Amino acid sequence: MKTATTIYQQGDHRWVVIARDAAKPGYVIDTNEYLVSRDGDNLLTDPGGSEIFPAVFAALSTVVDPMSINCLFASHQDPDIISSLGLWLDCNPKIRCHVSRLWSSFIPHFGGDDNSLQSIPDEGQHIPLGQGQLEAVPAHFLHSSGNFHLYDPEARLLFSGDVGAALLPEDASELFVRNFDQHIRHAEGFHRRWMGSTEAKLDWCERAARMKIDMLCPQHGAIYQGDDVMRFINWFAELPVGLSTFRHRALR
């Protein structure tokens, strides 16, 4: 089953990661969900699909009443991101899901309506949480055409969705990256194939390099912290991505 681990806490301002499910079926990709709590408000990032909903719900229940989650953040529209929306609305019909405006009429196929979905404009926006606020940071075309990351300027944590993701071996259990060079091998193929735009990649790298980030928290794999955050940004900036790279590899 998934487990809940607190990775940041300052008073009642807290980040908890729901990570690594060794018991999940082999045909389901592993995911990380992040709970951000402040002043009684609870936001869950990329809550996942219906297949993993029971495991996420059970892990959350060890640290918070899941029924108290009043906000979801969906980085984009994929099923491993937000197809559990209907189940979360069954738990709390007043829950609100922040998502790119591009997907506000697509995601209702999973559940929800124009009341439960809060459209994020292309340029991003602030999302209130308790007495503070989070920032929806544009990450379009990495990989989705309507894509956002979530930044907490006080905690200095960036939820980076699929950027930074690594498809780790089944026996990998580390929550944080311990050896960058070994870890990044499990991220390279994913980023080459899924990140289709060099221009979008460089735009994100420039923006991220200007931000104060203590932890870069992807939706798949281990969390980057400390110096490994900038190591990843520099690595990603240099990595060839896009269709021309795919064509070259396909011809080999």
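The legends below describe close-up views of a predicted model.

Local features are taken where pLDDT is at least 70 and side-chain atom pairs where it is 80 or more, while totals for chains, interfaces and linings use all residues. Residues are numbered from 1 along each chain as its sequence is written, and side-chain values use heavy atoms, with hydrogens and water left out.

**View A. The seven-stranded sheet is open and mixed.**
Its strands follow the order E1-E2-E3-E4-E5-E6-E7. Strands (E, at least two residues) and helices (H or I, at least four) are DSSP runs, numbered from the N terminus; two strands pair if DSSP finds at least two bridges between them. At the edges are strand E1 (3-10) and strand E7 (117-120), each of which pairs on one side only. From one strand to the next, the twist averages 20°. Strand E2 (residues 13-19) and strand E3 (residues 33-38) run antiparallel and are joined by five bridges. Val-17 has Tyr-34 of E3 as its bridge partner. Helix H1 (residues 53-60) packs on this sheet and touches E1, E2, E3 and strand E4 (41-45); contact means heavy atoms within 4.5 Å. The direction of H1 makes about 140° with that of E2. Such angles run from 0 to 180 degrees between N-to-C directions, and axes are lines fitted to C-alpha atoms, for helices over the stretch in contact.

**View B. Asp-46 has a positive phi.**
The phi of Asp-46 is about 35°, although this residue is not a glycine. Asp-46 sits in the loop between E4 and H1.

**View C. Tyr-34 and Phe-159 form a tilted ring pair.**
The structure holds 14 aromatic pairs. Rings of Phe, Tyr and Trp (its six-membered ring) pair if their centres lie within 6.5 Å; planes under 30 degrees apart count as stacked, over 60 as edge-to-face and the rest as tilted. The ring centres of Tyr-34 and Phe-159 are 5.5 Å apart and the planes stand at 55°, so the pair is tilted. Tyr-34 belongs to strand E3 and Phe-159 to strand E11 (residues 157-161), so the pair ties together parts 125 residues apart in sequence.

**View D. The six-stranded sheet is open, with mixed pairing.**
The order of its strands is E8-E9-E10-E11-E12-E13. Strand E8 (125-129) and strand E13 (224-225) stand at the edges with a single partner strand each, so one side of each has no neighbour in the sheet. Five bridges connect E8 with strand E9 (residues 132-138), and the two run antiparallel. Pro-128 is opposite Gln-133 in E9. Helix H5 packs on the sheet, where it touches E9, strand E10 (148-152), E11 and strand E12 (215-218). The direction of H5 makes about 150° with that of E9.

**View E. A cis peptide bond joins Leu-142 and His-143.**
Omega is about 0° at this bond. His-143 lies in the loop between E9 and E10.

**View F. Helices H5 and H6 cross left-handed.**
A crossing is left-handed if the near helix is turned anticlockwise from the far one by less than a right angle, and right-handed if clockwise. The axes of H5 (residues 198-210) and H6 (residues 227-238) come within 9 Å and cross at roughly 160°. The two helices are therefore roughly antiparallel; angles under 35 degrees count as roughly parallel, over 145 as roughly antiparallel, 65 to 115 as roughly perpendicular and the rest as oblique. Residues in the contact include Trp-204 and Cys-205 of H5 and Phe-232 and Phe-236 of H6. The contact has ten nonpolar, no polar and two charged residues. Ala, Val, Leu, Ile, Met, Phe, Trp, Tyr, Cys and Pro count as nonpolar, Asp, Glu, Lys and Arg as charged, and the others, Gly among them, as polar.

**View G. Helices H4 and H6 cross right-handed.**
The axes of H4 (residues 180-194) and H6 come within 12 Å and cross at roughly 40°. H4 and H6 are therefore oblique to each other. Among the contact residues are Phe-180 and His-191 of H4 and Arg-231 and Trp-235 of H6. By class, the contact has six nonpolar, one polar and three charged residues.
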